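This report describes a few local features of one protein model. The sequence and structure come first, followed by the notes.

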Amino acid sequence: MNQTSCPRVSFNFEHRFLPPVYIFVFIVGLVANGWGLKSLLHNWKKLGNVNVFVLNLGLADILYLLTLPFLVVYYYMRSKWIFGDTFCKMTRFFFNLNLYGSIGFLTCISVHRYLAIVHPMRVMGRITLTHSVTISVTVWLLVGVQSLPDMFYAKTFAYKPGKCYDTTSKAFVEDYLKYSFGRTLTGFCIPFLITLGCYGHVTVVLCRTNNTDKILIQSCFKLLFILILLFSVCYIPHHVFKNLNLLSRVLSKQRICHEWSDGVYIAHQISRGLVCLNSALNPLVYLHGNEDIPARLRRLLQQARQMFSCLFLSNSGRVPVAQTADEV
């Protein structure tokens, strides 16, 4: 630790790493979410009331995906934002809506699955479409209110024209760190604990019950695996390294330097790339909830193999003819 002026952190990594990730997520996310939502609407009555949460999950993803092309331009231009201060704030706001909206709706899906398995007689016929819609509207309102204060922090900086901060400028970083801790607690930690509690209890119930349908057990553990993947890859690293990076910026402002500042910054940028992957991974929930989609994927792969096999056989069938003509 050093009490003198701190060396500047190198910002070159984000310009190389984030644009390719954003392009990949934009393409895969739009295709997967579009296909998943189309299949969801086609099988609306078949899937039950939980599809309301899945629909909102997809809408949250698409809302964020539409902002990615602007961020790709921003980072390819080496952090030169040309779309104005208002749109910068809107872009960051939509990211927070997607992030905490996704966590909220995944939590709703987990609670719904918990009630259906652990307390089926109590909730049978009592959770209606109206309840699901009301809960979804409540989630959007809570996430919006929770993310709204972020709009009031400076995202652009007069002395650094073109900058569009994902958090805020150096002048307000202490206050933003407190806000970020509070949002991490209410928007991530509490829903994460609820999800863990639901699936922990579901796992115990399924293991104790001998006559449980094997298909139900497989379905439950598939969804549990998807949630573990999303939280482990996307959500946990982002919240850990975002707050550590903010803490590093606060300490640097106070001229308290640490050797791990560069490492934390790079880890934070990697976690930013990973957290946006949730928009491409969330459609796995569609795959879990709708058995028709895996069947369609298998048929498409089978058709592709047959097509390539036919092309290969037709090409190989031409070779002997050419050889015979040469010999003659």
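## Local features of the model

Ser 79 has a relative accessible area of 9% and is therefore buried, since buried means under 20%. The model in which this value was computed is a predicted one. Ser 79 lies in the loop that joins H4 and H5. Its phi is positive, near 60°, although Ser 79 is a residue other than glycine.

Arg 78 is placed in the loop between helix H4 (68-76) and helix H5 (85-118). Arg 78 is not a glycine either, yet its phi is positive, at about 60°. For most residues other than glycine, phi is negative. Arg 78 counts as partly exposed because its relative accessibility is 48%, which falls between the cut-offs of 20% for buried and 50% for exposed.

Asn 96 is located in helix H5. The relative accessibility of Asn 96 is 3%, so this residue counts as buried. Leaving aside residues up to four places away in sequence, Asn 96 touches Gly 101, Val 143, Ser 147, Asp 150 and Arg 183.

The accessibility values are set side by side here.

| Residue | Relative accessibility | Class |
|---|---|---|
| Arg 78 | 48% | partly exposed |
| Ser 79 | 9% | buried |
| Asn 96 | 3% | buried |

Helix H1 covers residues 12-42, which is 31 residues. At 1.5 Å a residue this helix should span 45 Å, and the C-alpha atoms at its ends are 46 Å apart, so the two values agree. H1 also has a kink of about 25° at Leu 18, shortly before the proline Pro 19.

How values were computed. Residues numbered from 1 in each chain as written. Predicted model: local features only at pLDDT ≥ 70, side-chain atom pairs only at ≥ 80, totals over all residues. Heavy atoms only, no water. Helix = DSSP H or I, 4+ residues; strand = E, 2+ residues; numbered from the N terminus. Expected span 1.5 Å × (residues − 1). Bend = angle between axes of the 7 residues up to and from the residue. Buried < 20%, exposed > 50% of the residue type's maximum accessible area, 1.4 Å probe, protein only. Contact = heavy atoms within 4.5 Å.
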